[in-house]
Number of protein chains: 2
Amino acid sequence: MADPPVNYGVILYPSFHALDVFGPLDILNLLALQRPLNLYLLSSSLEPVSTKPPATAKPPGSPDSNFGEAVVPSHTFSAPPPELDVLLVPGGLGTRDETNIAPAMEFIKEVFPRLKYLITVCTGSALVAKTGLLDGKRATTNKRAWSWATSQGPAVNWVPKARWVVDGNVWTSSGISAGIDATYAFVAEVYGEETAKGIADASEYTRCMDPEADPFAERWGVV
Amino acid sequence: MADPPVNYGVILYPSFHALDVFGPLDILNLLALQRPLNLYLLSSSLEPVSTKPPATAKPPGSPDSNFGEAVVPSHTFSAPPPELDVLLVPGGLGTRDETNIAPAMEFIKEVFPRLKYLITVCTGSALVAKTGLLDGKRATTNKRAWSWATSQGPAVNWVPKARWVVDGNVWTSSGISAGIDATYAFVAEVYGEETAKGIADASEYTRCMDPEADPFAERWGVV
């Protein structure tokens, strides 16, 4: 690719799902040791953003755990970096609360026309679908949360059996771990297969390289 | 298991490897929605700890990237939580600098006798090996970094071909992604296979369930 992306943004909101962010970012962290890349972590404020499920999002009878990790944003939605080539949108329990994700939705809508690529992981596609940006596009999402997630974008062409789906410059992946395979495929597409393979070997990761290989579609009864 | 672990600690030091922490923690985050668990993120101070490689650890000719994530500790090594059942030690470029990891090494040595389990990911085992705690034990580590990592503990019985190794209450995994499979195996062992399978299905993750299945030992020439 003549002019591969340099500036990556990641959306953070309370109760994002950790691996949706860190699966892809771990690959990009290693890529950034090979070529100059910048990362911007965006949220409503510069306060650390926690993965902890809000009390309201917990199913009834949930145990009294104190378990989660907080990540420090580098930028806010109202003062974003001047350039963003790729935006990554994670899923998570936090997507179930519209107030919680409203600032992210607004930012994504505003910035999308200037992006080279949008990547979503898990129910990150439900969040983006809610903005209308996926209308008429092919996309996938978390298989266990399929009926809720797809209901967030009735005009999206949801693909039930897919590890990930590419439609134009929008890459959507299935649940949680699928974001790792989607990101390797993205790196292969944009920076070359040799680069993707090198990072996977260093990470001791055996990739799923077939976007249609998806045992979890059947496992969760969406096909 | 009669009395399964409740209190998890994770060691953070500058330039830890992100997936070494968040691969395992993502599994435990989901487990904490099912049963009461506590997480303690431990470092030298309460300042956020970044994955960014220190300038000194960068190989010559490294690109000028600004790429990394910072995580907020909950406790310091000098004021740890009263109880820790399991301690997770990640690897990363930060292990190459002895000054950088000295406070973590000292804390691990001090707390080890009171732990139910110690889990290392990647070169986390090199860090622990340096303390002497793995002497005479079977352990594994990152395959690309094999010669450096194993040199940190000459009295360890290093196992070259292993996705993960269990010796007594010490679980060591191979490089980066292997921490995910080791943690699923740990969850299966300690909380039951059904629990591990449920979390993997929800995470849309296809586990490696054979601790001896390790294509990366050959890839990196350590067998």
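Modeller: Begin with B:Thr140, which is buried, with a relative accessible area of 0%. Keep in mind that this is a predicted model.

Biologist: Where in chain B is B:Thr140 found?

Modeller: B:Thr140 sits in the loop between β8 (138-139) and α4 (146-151) of chain B.

Biologist: Which backbone oxygen lies 2.8 Å from a polar atom of the side chain of B:Thr140?

Modeller: That of B:Val159. Setting aside neighbours within four places in sequence, the residues in contact with B:Thr140 include B:Ser125, B:Trp146, B:Trp158, B:Val159, B:Trp164 and B:Thr172.

Biologist: B:Ser125 belongs to α3(B). How should I read a helix?

Modeller: An α-helix has 3.6 residues a turn, so residues three or four places apart point the same way. Helix α3 (residues 124-131) of chain B is mostly covered, with 7 of its 8 residues buried. Among them are B:Ser125, B:Leu127 and B:Val128. The cover over the buried residues of α3(B) includes β6 (86-89), α2 (98-111), β7 (117-120), α4, β9 (157-158) and β11 (170-173) of chain B. After α3(B) comes B:Gly132, with a positive phi near 95°.

Biologist: Now the sheet. How do I read the pairing of strands?

Modeller: Strands of a sheet pair through backbone hydrogen bonds, either parallel or antiparallel. In chain A, an open sheet of 7 strands has the order β5-β2-β1-β6-β7-β11-β10, and its pairing is mixed. β5 (75-76) and β10 (164-167) of chain A are the edge strands, each pairing on one side only.

Biologist: How many bridges join β1(A) to β2(A)?

Modeller: There are 5 bridges, and the two strands run parallel. In that pair, A:Val10 stands opposite A:Leu41 of β2(A). Strand β2 (residues 38-43) of chain A also pairs with β5(A) in the parallel sense, over 2 bridges. There, A:Ser43 has A:Thr76 of β5(A) as its bridge partner. Helix α2 (residues 98-111) of chain A packs on the sheet, where α2 touches β1 (7-11), β2 and β6 (86-89) of chain A. The direction of this helix makes about 155° with that of β6(A).

Biologist: And the side chains of a strand?

Modeller: In a regular strand the side chains alternate between the two faces of the sheet. From β1(A), A:Asn7, A:Gly9 and A:Ile11 point one way and A:Tyr8 and A:Val10 the other way. Because 5 of the 5 residues of β1(A) are buried, this strand is largely enclosed by the rest of the structure.

Biologist: Last, the two chains. How are the copies related?

Modeller: Two copies of a chain are related by a rotation about an axis and a shift along it.

Biologist: How much area do chain B and chain A bury between them?

Modeller: About 4,400 Å², 60% of it on carbon and sulfur atoms. B:Phe22, B:Phe67 and B:Glu204 supply 19% of the area that chain B buries against chain A, more than any other three residues.

Technical notes: Residues numbered from 1 in each chain as written. Chains lettered and ligands numbered in written order. Predicted model: local features only at pLDDT ≥ 70, side-chain atom pairs only at ≥ 80, totals over all residues. Heavy atoms only, no water. Pairing = 2+ DSSP bridges. Helix = DSSP H or I, 4+ residues; strand = E, 2+ residues; numbered from the N terminus. Contact = heavy atoms within 4.5 Å. Axes fitted to C-alpha atoms, helices over the stretch in contact; angles between N-to-C directions. Buried < 20%, exposed > 50% of the residue type's maximum accessible area, 1.4 Å probe, protein only. Polar contact = N/O pair within 3.5 Å; in protein donor to acceptor, adjacent residues only side chain to side chain. Buried area = accessible area lost by both parts, 1.4 Å probe.
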